[in-house]
Amino acid sequence: MSHAAIIAANGDTIHLERSAMPFRDVVGHRRLVGLLSRSVRRESLPPSLIFAGPDGVGKRLAALATAQALNCIAPLVSDVPEQMEIDACGVCAACTRIARNVHPDILIVEPGDNGSIKIDQVREIVERAAYRPFEGRRRVVIVDQADALVPAAQNALLKTLEEPPSASVFILITSRPDVLLPTVRSRCPRLSFRPLGPADIAAALEARGHSEAEARAVAATADGSLGRALEAHAGELVEAREVAQQALADAAASDDPRRRIEGAKNLLAKTGAGGASDREQLASHLRAMESLLRDVELLSTRADVRALANPDVQPALERLVRTYEGERGMRAFTAVDRALMALDRNAGVKIVADWLVLQL
Ligand SMILES: [Zn+2]
């Protein structure tokens, strides 16, 4: 996916939609996508919905695919079970305008530079949604990162979510649904998007020109997020895994706290810029560590090796099994998870790394 952007006359950057696509091209989520397609065909789509799930798994693309299916001029319809009941053609005027984010009936609201969605933004879309669609059959209002709606903005949206204008559909996208007001949540049925499987991510990467080996290695450390896999440089994810693998091996080699703290420095590789980028760097090492520990668990329980997320480093995994099988592995996994949560809450990278190496 390419990020296209144009600069408006007033200096604002306008991001063109990242290749919006029909249902059939959405990676993974077959059951949810099938459900959306069926609801569009049978005109039973609820007028207000929450798409919940981790970042980068395709929630926004699924919302845009829904907008296309609702407004496509020449939709593909099928009565074959196993097939999508209805899907956008992807090439008509309506589909291409939605893909380019210039369709007058598809309104996308997202946080501004200050990171929140203000009440004025909501008032504007509520007003616009009250009119009949200009061109299409259904107006679709997509609120991306809906958890960024300030409480007053959520309250301004409530009445509309409760009794949406007849031709409008509201889709609230969020990775943190629990941050939304209970009154908002109770009015919108929730579709939960799961992390993508490594196989889905690898296939999507291969389709974008990565080699099979590289795609599998990147998919293993992307933590179920195709967005993350695409954004991160492939080589960086593989490097993160090497750091994680070494840290686990170091901890296996010595119980001496001083030596372990010494080893924490390796875990902090490529940090030093300070702030959020350091936390993100350490987090990428820790996500790679979680992926390795999951595989160690798989190997130690003699599960099918085809289920490994990191099959290309199986010999190294086998060595780690000797230390991390059973309870120690579970403890290590829990510790890594806690470390990631601490980073999420802005804990310092050195404190987190030092603490973690003592827990492994
Ligand atoms: Zn179309």
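Let's start with Gln145, which sits in the loop between β7 (139-143) and α5 (151-162). Helices here are DSSP runs of H or I with at least four residues, strands are runs of E with at least two, and both are numbered from the N terminus. Phi of Gln145 is near 55°, a positive value in a residue that isn't glycine. So is Gln145 buried, exposed or partly exposed? It counts as partly exposed, because it has 19 C-beta neighbours inside 10 Å. For that label, a residue with 20 or more other C-beta atoms within 10 Å of its own is buried, one with 12 or fewer is exposed, and anything in between is partly exposed, with C-beta atoms placed from the backbone.

Before I go on, a word on what we're looking at. This is a predicted model, where local features need pLDDT of at least 70, side-chain atom pairs count only at pLDDT 80 or more, and totals for chains, interfaces and linings use all residues. Residues are numbered from 1 along each chain as its sequence is written.

Glu82 also has a positive phi, near 75°, and it isn't glycine either. You'll find Glu82 in the loop between β4 (76-77) and β5 (86-87). Glu82 counts as exposed, because it has 6 C-beta neighbours inside 10 Å.

Now the domains. The assignment gives domain 1 (5-192) and domain 2 (198-359), and bounds like these come from an automatic or database domain assignment. Taken over C-alpha atoms, the two centres are 34 Å apart. How many residues of domain 1 are in contact with domain 2? It's 7 residues of domain 1 with 7 residues of domain 2, where contact means C-beta atoms, placed from the backbone, within 7 Å.

On to the inside. In soluble globular proteins, nonpolar side chains tend to be buried together. The largest nonpolar core here has 101 residues, and Phe51 and Ile171 touch the most other members. Helix α2 (residues 59-71) gives the largest share of this core, 8 residues. The core also draws at least three residues from each of domain 1 (5-192) and domain 2 (198-359). By nonpolar core I mean buried Ala, Val, Leu, Ile, Met, Phe, Trp, Tyr and Cys residues joined through C-beta atoms within 7 Å. And what does Ile171 touch? Leaving out residues up to four places away in sequence, Ile171 touches Leu49, Phe51, Ala63, Thr66, Val140 and Ile142.

Back to α2, this time with a partner. Helix α1 (residues 30-41) packs with α2 at about 25°, axes 10 Å apart. So α1 is roughly parallel to α2. The axes are lines fitted to C-alpha atoms, for helices over the stretch in contact, and angles run from 0 to 180 degrees between N-to-C directions. Under 35 degrees is roughly parallel, over 145 roughly antiparallel, 65 to 115 roughly perpendicular, and the rest oblique. On the α1 side, Leu32, Val33, Leu36, Ser37 and Val40 meet Ala62, Thr66, Ala69 and Leu70 of α2.

Another pair is helix α12 (residues 275-300) and helix α15 (residues 349-359), at about 20° with axes 10 Å apart. That makes α12 roughly parallel to α15. Asp278, Arg279 and Leu282 of α12 make the contact with Val349, Val352 and Ala353 of α15.

Last pair: the axes of helix α7 (residues 198-207) and helix α8 (residues 212-220) come within 8 Å and cross at roughly 135°. α7 and α8 are therefore oblique to each other.

Definitions and conventions
Two residues are in contact if their C-beta atoms, placed from the backbone, lie within 7 Å.
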